[in-house]
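Here are a few exercises to work through with the model open beside you. Try each task before you read its solution.

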Amino acid sequence: MAEMETALKEIMDIDGAIGVALVDHTSGMALGTAGGGKELDLTVAAAGNTDVVRAKLRAMEMLNITEKIEDILITLDTQYHLIRPLTSRSGKGLFLYVALRRDRSNLAMSRHHLKRIENDIDV
């Protein structure tokens, strides 16, 4: 569990990070969070984005797409929301949800950092 908490804190060190949640997409429950607060209710975001992941997985199945989702990007006026399913065996069924401020973040670098950090998460 310490590895997960360390990884979530490391994600919060990404420039522009508002909040992060590690989410079980079968239940919609956040297994761990960092950041958020008044600006962003991470438990609500976790549950809501579970529907996004499920919908995308269903669409891919109907289209017979067998590739893996690397990430899902939702672009808002002032924020980026990244959803990144974990690919490790221990992370199956889990995804990272990260909210970033657009004016303070570099999307390409943020995605690069998430990919690196994802490999270190032990659930």
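**Exercise 1. Which residues is R84 in contact with, leaving aside its neighbours within four places in sequence?**

Solution. Start by placing R84, which sits in strand β4; helices (H or I, at least four residues) and strands (E, at least two) are DSSP runs, numbered from the N terminus. Next, collect its contacts, where contact means heavy atoms within 4.5 Å. Beyond neighbours within four places in sequence, R84 touches E70, D71, F95, L96, L114, K115 and E118. Finally, check accessibility: buried means under 20% relative accessible area, exposed over 50%, and partly exposed in between, with a 1.4 Å probe and protein chains only. R84 has 5% relative accessibility, so it counts as buried.

A word on the ground rules: this is a predicted model, with residues numbered from 1 along each chain as its sequence is written, and local features need pLDDT of at least 70. Side-chain atom pairs count only at pLDDT 80 or more, while totals for chains, interfaces and linings use all residues, and side-chain values use heavy atoms, with hydrogens and water left out.

**Exercise 2. Describe the fold and overall dimensions of the protein.**

Solution. First list the elements: there are 3 helices and 5 strands. From the N terminus on, their order is α-β-β-α-β-β-β-α. Then turn to the radius of gyration, taken over C-alpha atoms; the globule rule is 2.2 Å times the number of residues to the power 0.38. For 123 residues, that rule puts a compact globule near 14 Å, and the protein agrees because its value is 14 Å. Along the principal axes, the C-alpha atoms fill a box of roughly 40 × 35 × 25 Å. As for burial, 42% of the 123 residues count as buried. To finish, take the contacts between residues at least 6 apart in sequence: 55% of them join residues at least 24 apart.

**Exercise 3. Which members of the largest nonpolar core touch the most other members?**

Solution. A nonpolar core is a set of buried Ala, Val, Leu, Ile, Met, Phe, Trp, Tyr and Cys residues joined through side-chain atoms within 4.5 Å. The largest one has 19 residues, and I11, L22 and L96 touch the most other members. Two or more residues come from each of α1 (2-12), β1 (17-24), β4 (79-85), β5 (94-101) and α3 (107-118). Zoom in on I11: leaving aside neighbours within four places in sequence, its contacts are A17, V20, L96, V98, L114 and I117. Apart from this core lies another, of 15 residues, including A45, A46, I83 and A99.

**Exercise 4. Find the buried face of α2, then look at what follows the helix.**

Solution. Begin with length: the 21 residues of α2 reach 30 Å from first C-alpha to last, close to the 30 Å expected at 1.5 Å a residue (the expected span is 1.5 Å times one less than the number of residues). Now mark the buried residues, which are L42, A45, A46, N49, T50, V53 and M60. The buried residues of α2 pack against β1, β2, β3, β4 and β5, whereas the face turned away carries the exposed residues V44, R58 and M62. Just after α2, N64 takes a positive phi of about 55°. At 67% relative accessibility, N64 counts as exposed.

**Exercise 5. Where does G28 lie, and which residues does T50 contact?**

Solution. G28 lies in the loop between β1 and β2 (30-35), and with 9% relative accessibility it counts as buried. Not counting residues up to four places away in sequence, G28 touches V23, A46, A47, T50 and R54. Move on to T50, in helix α2, which counts as buried at 1% relative accessibility. Its side chain reaches the backbone oxygen of A46 at 2.8 Å. Leaving aside neighbours within four places in sequence, T50 contacts V23, D24, H25, G28 and F95.

Methods:
Polar contact = N/O pair within 3.5 Å; in protein donor to acceptor, adjacent residues only side chain to side chain.
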